[in-house]
Every structure is written in C-alpha cells, then in structure tokens.
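Please look over the model shown here.

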Amino acid sequence: MDSLLNALLPLSRRIDTMNTSIGKRLSWLILAAVFVSAANATVRKIFDMSSNSWLELQWVLFSIVFLLCSPWTLLSNEHIRIDIVNSLMPKWLRNTIEVVGHSLFLLPLTVVMVVTSIPFFLRSYGVNEQSGNAGGLPQWPAKSLIMIGFALLFVQGISELIKRIAVMQGRIPDPYGETPLHHPAEAEAERLLAGLEVEHIVEAIEKR
C-alpha cells in the first residue's frame, strides 16, 4: 500500500494543479457573463433590439463555469455538506465517509455521465445541431461541456480518493485540516455584526 500511494500521490498533485489552473482561469467567465447580460439588457431597453446569440452566450458562459469549475470546487473542499453534523464526527469517521462517498457515489456517477454524454455530444456534432431560436448559437459546443466537465470531475475524484487514503494511512497531513463549524464568510459576518452591536452599546452609554 505504501509503495502504491507513493506512486499515486504525484499523480494526485498533477491533477490538483491542472484543475486549479482550469478553475481559476475559467471563473473569470462569470464576469464576462455579467458584462454580456448587462450589455444585452441595455441594448434591449434603449434601442429595442436583442439577439438570441448574445442571450444564449450568457447561458453557455455560466455552463462553462458551473461544469468545468466543479472539480476546483471539490478540490477546495467547498462542495455542499452538512457542516454542523460533519464537524461533530470523529476524524476517522469523516475520512471513512469521504472514501465511501467518493468510491460508491461520486466516481460511478461521473463515469455514467461521461459514458452517456459522449453519444449525446456526437449526435449533436454529427448533424451540426443549431439553436431552435432564430440567430442562436450552435448547440454541440455547449453539449460537449457535460462530457468534459464530468471527465474532469472524475479525475479530481480520483485525486481526492488518493489523498484521503493517504491521510488515513498517515502518509500525508490532512490538506483540509479540521472542518470549521461555520464557513469563513459566515464567521466574518458574525464578527462584523458583533462589532456593530458593541458600537450601539457604546453610543447608548455615551448618551446617558
């Protein structure tokens, strides 16, 4: 097991590097989608003009971010879980749940999605499928995102499984450490609210 993990951990690091790079670059497309949406709405309101291609481009940009950045979300440990329950579990149980979840649920799902999305994309590409809306975009590039996104999520799931087994074997430190009870953003919001409450108390004392 030790020799196998030593051989697989460099692969895991390469997968992490690849999906981090993809995620950081493609996440900027959210900003592009905002600009396209704002421009499309402005032109429609001011000049009473619109374009289905620009409208569909918003959807494609969002789909790219949603599907191709999902491996980065998994890598960053930002996927949905019930933190208040997860944080109360002992570390060995959390690790076991991660291994079972990745092995029996995440990886099989990604395989099914890749296998079924390949003919879905090929049929669309073969007929050069176009939008059902006048002046819309071709459909096959958007349909390819399902195949690509779940393929990337599959390899990231492999990476997470390798790391979690290595953590359980004591080969590497836990890359995520202790799971916080609250998300950092929630903790910051609570800190700001506490500060505002203190200010109100001080103001009330000064008025007296």
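The points below take these topics in turn.

1. This is a predicted model, in which local features need pLDDT of at least 70 and side-chain atom pairs count only at pLDDT 80 or more, while totals for chains, interfaces and linings use all residues. Residues are numbered from 1 along each chain as its sequence is written, and side-chain values use heavy atoms, with hydrogens and water left out.

2. Helix 6 (residues 91–126) and helix 7 (residues 140–168) have axes that come within 8 Å and cross at roughly 160 degrees. That makes helix 6 roughly antiparallel to helix 7 (a term for angles over 145 degrees). Axes here are lines fitted to C-alpha atoms over the stretch in contact, with angles from 0 to 180 degrees between N-to-C directions. Helices are DSSP runs of H or I with at least four residues, numbered from the N terminus.

3. The residues of the contact of helix 6 with helix 7 divide into 22 nonpolar, nine polar and four charged. Ala, Val, Leu, Ile, Met, Phe, Trp, Tyr, Cys and Pro count as nonpolar, Asp, Glu, Lys and Arg as charged, and the others, Gly among them, as polar.

4. The structure holds two cavities of 30 Å³ or more. On a 1 Å grid over the protein atoms alone, a cavity is a set of points where a 1.4 Å probe fits but cannot get out; a pocket is an open set with protein on both sides within 12 Å along at least five of seven lines; lining residues have an atom within 4 Å of a point. A volume is the space filled by probe spheres set on the points.

5. The second largest cavity holds about 70 Å³ of space. Its lining includes Glu98, His102, Glu160 and Arg164. Helix 6 and helix 7 are the elements that give two or more residues to this lining, which has four nonpolar, three polar and three charged residues.

6. The largest pocket has about 330 Å³ of space. Of its 12 lining residues, Ser70, Leu74, His79, Leu106 and Leu153 are the closest to its centre. Helix 3 (52–68), helix 4 (70–75), helix 6 and helix 7 each give two or more residues to the lining. By class, the pocket lining has seven nonpolar, five polar and no charged residues.

7. Four aromatic pairs are found in the whole structure. Phe62 and Phe66 form a stacked one, at 6.2 Å centre to centre with 25 degrees between the planes. Rings of Phe, Tyr and Trp (its six-membered ring) pair if their centres lie within 6.5 Å, and planes under 30 degrees apart count as stacked. Both Phe62 and Phe66 lie in helix 3, four residues apart, about one turn of the helix.

Technical notes. Angles under 35 degrees count as roughly parallel, over 145 as roughly antiparallel, 65 to 115 as roughly perpendicular and the rest as oblique. Rings of Phe, Tyr and Trp (its six-membered ring) pair if their centres lie within 6.5 Å; planes under 30 degrees apart count as stacked, over 60 as edge-to-face and the rest as tilted.
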